[in-house]
Amino acid sequence: MTPSPGSVALITGGTGGFGRALATLLRRQEVTVVLADLDTPANREVAAALGASFAALDVTDRAANAAVVAQVEAEHGRLDAAFLNAGIAGKSRDALDVDEFLKVVDVDLFGVVYGTEAALPALRRAGGGSIVVTASLAGLAPVATDPGYSVAKGGAIAFVRSLAPRLVGDRITMSAICPGFADTAIIDPLRDEFAAADFPVLSAEEVAEAMLAAWGGAEPGAAYVVQPGVGAVPYKFKGVPAARTASGETAVVPQALMPPSPA
């Protein structure tokens, strides 16, 4: 399903590599785009050049997330998709820097939680929509050099998988994309190492295409791995051993722990 012209999309971390590439794709389809990012002249210029609106946002500020969504509805009348894309990586590759760890988790995980909380009422008012979370391959296969990033992205994936079934009845689809190494500012400290190893990295456009596809046709709670030469494929999560009753039968999960049935 292709987003219809006139739809309204919000992209957090919108002036970075993925956000710019996604905004370009969406504008070609006549989607109204709002780029939310830190308030700097450079970020405002990016939005203007892309023909997108700009909203100042620190994703770690819970109230600010709600204010931005309110701004989107006030200016454009609705919200159809929220791309929760803002993210940072740690820089301490050898020692555990707890302050840095907490900062990364605040942006990459709690920014997703706050963004979701803010977007849901607006998506319900629009009759449904989509939330697409930019996670990472590091959330599925943690990297030893950046525990904060791995924890935050793994948490974001778990959040999506946990919440998505509860939103189906509201006609809201929530999913995650999990890119491998991609050509954005996050890999700047490692570019020489990638080049020396002749290691392929994703283009921002490849990731943006996966983000757009997730808006149009993701399975609720799915996590799509995006890798060079592979494209976007749903990750197959392994089940855990089920509990068994005293008679040896598979135990049935209590109904109270199950997501509500779609209306």
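## A ring to start with

Is Y114 buried or exposed? Y114 is buried, with a relative accessible area of 18%. Here, "buried" means under 20% relative accessible area, "exposed" means over 50%, and "partly exposed" is in between, using a 1.4 Å probe and protein chains only.

Before we go on, a word on the model: it is predicted, so local features need a pLDDT of at least 70 and side-chain atom pairs count only at pLDDT 80 or more, while totals for chains, interfaces and linings use all residues. Residues are numbered from 1 along each chain as its sequence is written, and side-chain values use heavy atoms, leaving out hydrogens and water.

## The sheet

Let's look at the strands. Helices (H or I, at least four residues) and strands (E, at least two) are DSSP runs, numbered from the N terminus. Two strands count as paired if DSSP finds at least two bridges between them.

Eight strands make an open sheet with mixed pairing, in the order β3-β2-β1-β4-β5-β6-β7-β8. The edges belong to β3 (53–56) and β8 (231–234); each has a single partner strand, so one side of each is left without a neighbour in the sheet. From one strand to the next, the twist averages 20 degrees. Angles like this run from 0 to 180 degrees between N-to-C directions, and the axes are lines fitted to C-alpha atoms, for helices over the stretch in contact.

Strand β1 (residues 8–12) has five of its five residues buried, so it is largely enclosed by the rest of the structure. In a regular strand the side chains alternate between the two faces of the sheet. You can follow that idea along β1: V8, L10 and T12 are buried on one side, A9 and I11 are buried on the other, and both faces are covered.

Next comes the pairing. β1 and β2 run parallel and are joined by five bridges, with L10 opposite V34 in β2. Strand β2 (residues 32–37) is also parallel to β3, this time over four bridges, and L35 stands opposite F54 in β3.

## Helices across the sheet

Helix α4 (residues 98–125) lies across β4 (81–84), β5 (129–134) and β6 (172–179), at about 170 degrees to β5. Helix α5 (residues 147–167) lies across β5, β6 and β7 (223–227), at about 160 degrees to β6.

Now zoom in on S130, which is found in strand β5. Leaving aside residues up to four places away in sequence, S130 touches D80, A81, A82, L123, T173, A214 and W215; a contact means heavy atoms within 4.5 Å.

Most residues other than glycine have a negative phi, and most peptide bonds are trans. You'll find E30 in the loop between α1 (17–28) and β2, and at 56% relative accessibility E30 counts as exposed.

R171 also has a positive phi, near 60 degrees, in a residue other than glycine. R171 sits in the loop between α5 and β6 and is exposed, at 65% relative accessibility.

## Aromatic pairs

Back to the rings. Phe, Tyr and Trp rings (the six-membered one for Trp) pair if their centres lie within 6.5 Å; planes under 30 degrees apart count as stacked, over 60 as edge-to-face and the rest as tilted. A search of the whole structure finds three aromatic pairs. For F110 and Y114, the ring centres are 6.2 Å apart and the planes are at 35 degrees, so the pair is tilted. Both residues lie in helix α4, four residues apart, about one turn of the helix. F110 is partly exposed, at 36% relative accessible area.

Y235 and F237 form an edge-to-face pair, 4.8 Å centre to centre with 80 degrees between the planes. The charged end of R161 sits over the ring of F237, 3.6 Å from its centre. (That label needs NZ of Lys or CZ of Arg within 6 Å of the ring centre and within 35 degrees of the ring normal.)

## What the record says

UniProt, in an unreviewed entry, places the feature "domain: Ketoreductase" at residues 7–184. UniProt positions are given in the numbering used here, feature names are shortened, and annotations may be inferred rather than shown by experiment. In the model, the end C-alpha atoms of residues 7–184 lie 27 Å apart, and the span is 48% helix and 19% strand.
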